[in-house]
Amino acid sequence: MKKILSLLLAAVMIFCFAACGDDDTSSKAKDKERKRAAKGQDTTTATGQVSDEIVLDTGLLTPLDKTYAKSNKADLVYDANIFINLANQSAGTVNIACVGDSITYGTASSDPEKASYPVQLQKLLKARFGNKFKVKNYGHAGSFIAAFDRSNAATLQYINTDEYLKLRKDKPEVVILMLGINDIGYANSAENLATIQKDYVNLISKIKALKSNPLVFVCTPLVRTTAYSSYASLELLRSVVISAANETKSYVIDTYNITKEYFSSALYETDCLHPNDAGYKYLAQTVMNAVAYGLTEYKDAAENDTSNYVVYVDSAKGSYDSVGATADKPTSSFARAVELCKGGGTIVVSGRVTPATTSSNSVKVFIAPENANKIKVTSIDPYDGKDYRDTNNARIYMSASMYLQGDYLFEKVTFDFIAASTKIVCNYNNITFGSGVNCTVTSGGYPVLIFGYDVVTTAQSHEDLSCKKDCTLTVNSGTFTYLRGGNYRAASTATSSLNYGTVKSGVTANIIVNGGTFTVEDGVNKDAGSRLSSALGQNGMESGSTVNFIVNGGTFKGSLFAVPRMNPYTTSGAPDVAGKINITVNGGLLNGSGIDYLQTFSGDKKPALSGSYNLTINGGTFGGGSNLSFAASGCPNSVLTLGTGNSYLESWADISGFTTVNK
């Protein structure tokens with residue numbers, strides 16, 4: 001074992017940082033580098049060198065600890081000696097079959113025959129074991145595990161492909177399976193998940209029954225960011241793949257967890273689904289580390305504090321591989337900038353940035369990589385105060401919706417929306433739109449601002465969609481269509497199988513509006529009228545939870561509600577609203593018809609209302625004329641407080657249903 005470990009440690013490559021900026025003769029640029037270095041930020045890019053550590057490095061990220069460990073939820077603990085003994089005991093060449101879909105085939109690489117992950121895995125194995133292993137690619141683009149009702153199952157269900165027939169004929173000694181990403185659209189019900197698992201068990205079992213008695217590894221599918229519904233379904237699909245591996249007593253390589261951090265950024269370099277050459281190399285190294293060294297799972301480590309990091313991003317001028325150390329050498333990818341600042345820091349938008357448009361010019365949603373600490377996004381250079389909006393027309397062009405997965409401060413930055421029906425989804429994180437946020441529209445319209453989750457698939461469980469921690473959304477500037485204070489579900493009169501989620505007991509969610517504009521006016525029909533600002537979203541509240549909606553400034557062109565219209569309903573009706581909702585108006589301009597507790601339309605089912613409602617008006621300007629309504633809408637514990645100087649509202653507004661009215 002000691003000999004094996006010595007060979008292991010001597011053989012594995014890691015990434016380290018080599019100095020960038022050495023060829024920059026600008027004294028100002030060098031001064032910035034020195035300032036960054038003084039603050040503790042590494043300003044270098046990634047190269048490779050031999051080391052005695054096993055590291056899966058993606059730039060400035062925490063590496064994978066070296067460990068022999070079983071994959072999460074896997075029944076079998078893999079020992080790399082099993083693989084090494086194959087090389088030692090075989091008199092000839094050990095054949096390895098890589099089974100999979102387009103990701104195994106090598107789609108989006110420069111040349112699948114030269115850059116696919118099986119080809120690059122062959123190179124790594126040869127460097128480690130000489131000619132003892134021969135890797136062959138059995139990937140079939142578009143293939144999937146389960147047929148369901150697909151018309152192309154006769155040719156694309158993997159068990160029906162020519163590659164599968166060749167695999168059975170060749171009888172390899174090792175098989176590495178990576179399927180499932182093309183089943184993601186069906187991973188949305190317990191019945192479908194059971195079908196996927198059953199069909200995968202059948203395929204794996206047939207492979208394990210080959211006369212060669214192959215050693216079988218099952219890889220969890222890679223992350224994909226083509227659509228938020230796909231992204232949200234991946235954990236369920238991952239669990240099903242692991243269950244299928246366990247049922248067949250196969251070894252699991254948790255490629256999803258190991259590579260998620262990397263590919264959440266890198267996939268924007270292609271089409272949000274397939275790796276490029278560098279990505280396939282990274283995937284090959286991941287598989288190599290698993291089969292040859294026993295690194296089959298990701299081991300969490302403490303996040304590095306990167307709060308001093310400053311990363312410049314400019315899609316036109318930069319390159320993905322750059323760490324964005326200076327405005328002269330920015331990274332090209334907003335996702336990459338988030339990845340680099342995942343432990344906190346500042347992203348400087350120094351030019352045109354297109355986060356939701358991939359390098360292959362495919363327009364996708366932008367699902368930001370997860371960040372552990374707050375990231376500031378600005379176009380003001382923190383070193384010399386230069387405003388890149390003035391000097392370089394810096395802005396964030398939004399061609400699709402943005403999903404944030406950590407805390408952010410947006411300040412002195414311009415969003416230009418170039419598509420309709422966009423959303424900025426905060427996922428119950430601490431998000432601030434500070435001073436100087438400018439929202440412009442080239443085409444389409446302004447975005448909806450959603451504090452909670454975007455409910456798009458049944459793969460999102462009640463727990464997934466629940467607010468489980470205190471959080472605050474602050475708006476000081478910017479222009480949005482309306483504000484949904486919690487979860488968002490598309491308006492519909494039909495029933496829905498989607499879950500609701502809730503605000504958990506003991507949790508406080510705060511919405512503070514100090515400025516900005518919300519453009520939607522009161523509508524005359526269900527669709528238009530349902531798109532108005534609210535404290536809560538289309539989710540419930542447990543008893544003991546609190547939502548505070550405080551308006552100190554800004555402009556609302558439509559009405560405000562504590563609880564918005566809850567459609568589309570589940571067959572059992574809308575969720576319970578048992579928590580406390582406080583709406584306080586201290587200032588601002590409210591041009592709608594008033595502030596009501598519950599928004600309803602004729603024929604709607606009402607949610608169960610057992611919580612409390614406090615509406616306090618200390619100031620503000622109400623432009624809705626003489627037909628203002630301040631209503632408790634059936635909330636059993638409701639208090640209206642009209643601050644000093646606002647008692648006039650009682651004389652010309654409809655005040656109804658409050659348990660107590662103070663003035």
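Predicted model: local features only at pLDDT ≥ 70, side-chain atom pairs only at ≥ 80, totals over all residues.
## Overall make-up

The protein has 663 residues, and 58% of them are buried. Its secondary structure comes to 16 helices and 42 strands. Take the contacts with a separation of 6 or more: 78% of them join residues 24 or more positions apart.

## Helices α3 and α6

Two packed helices are described by the angle between their axes and the distance between the axes. Helix α3 spans residues 81-89 and helix α6 spans residues 117-129. Their axes come within 12 Å and cross at roughly 70 degrees. Angles of 65 to 115 degrees count as roughly perpendicular, so α3 is roughly perpendicular to α6. The crossing is right-handed.

On the α3 side, the contact is made by F83, I84 and A87. On the α6 side, L125, R128 and F129 take part. By class, the residues of this contact are five nonpolar, no polar and one charged.

## Helices α8 and α9

Helix α8 (residues 162-170) and helix α9 (residues 190-208) have axes that come within 10 Å. The crossing angle is roughly 30 degrees. Angles under 35 degrees count as roughly parallel, which means that α8 is roughly parallel to α9.

Helix α8 contributes Y164, L167 and R168 to the contact. These meet L203, K206 and I207 of α9. The contact of α8 with α9 has four nonpolar, no polar and two charged residues.

## Aromatic pairs and a cluster

The whole structure holds 29 aromatic pairs. One of them joins Y408 and F410. Their ring centres are 5.6 Å apart and their planes are at 5 degrees, so the pair is stacked. Y408 and F410 are both buried.

F410 also pairs with F433. This pair is stacked too, with 5.3 Å centre to centre and 15 degrees between the planes. F410 lies in strand β15 (residues 408-410), and F433 lies in strand β18 (residues 431-433). The pair therefore ties together parts that are 23 residues apart in sequence. F433 is buried, as is F410.

Y408, F410 and F433 belong to one aromatic cluster.

## The loop residue T270

T270 sits in the loop between α11 (255-266) and α12 (277-293). Its relative accessible area is 8%, so T270 is buried. Leaving aside residues up to four places away in sequence, T270 touches A108, P275, N276, T358, S359 and S360.

S362 is 92 residues from T270 in sequence. In space, the two are 8.3 Å apart, C-alpha to C-alpha.

Most residues other than glycine have a negative phi. A108 has a positive phi of about 80 degrees, although it is not a glycine. A108 lies in the loop between α4 (102-105) and α5 (112-115). With a relative accessible area of 37%, A108 is partly exposed. A108 is also among the residues that T270 touches.

K249 has a positive phi as well, near 55 degrees. K249 lies in the loop between α10 (228-247) and β7 (251-253). Its relative accessibility is 59%, so K249 counts as exposed.

Terms used: Residues numbered from 1 in each chain as written. Heavy atoms only, no water. Axes fitted to C-alpha atoms, helices over the stretch in contact; angles between N-to-C directions. Helix = DSSP H or I, 4+ residues; strand = E, 2+ residues; numbered from the N terminus. Parallel < 35°, antiparallel > 145°, perpendicular 65-115°, else oblique. Left-handed = near helix turned anticlockwise from the far one by under 90°. Contact = heavy atoms within 4.5 Å. Nonpolar A, V, L, I, M, F, W, Y, C, P; charged D, E, K, R; others polar. Phe/Tyr/Trp six-rings, centres within 6.5 Å; stacked < 30°, edge-to-face > 60°. Buried < 20%, exposed > 50% of the residue type's maximum accessible area, 1.4 Å probe, protein only.
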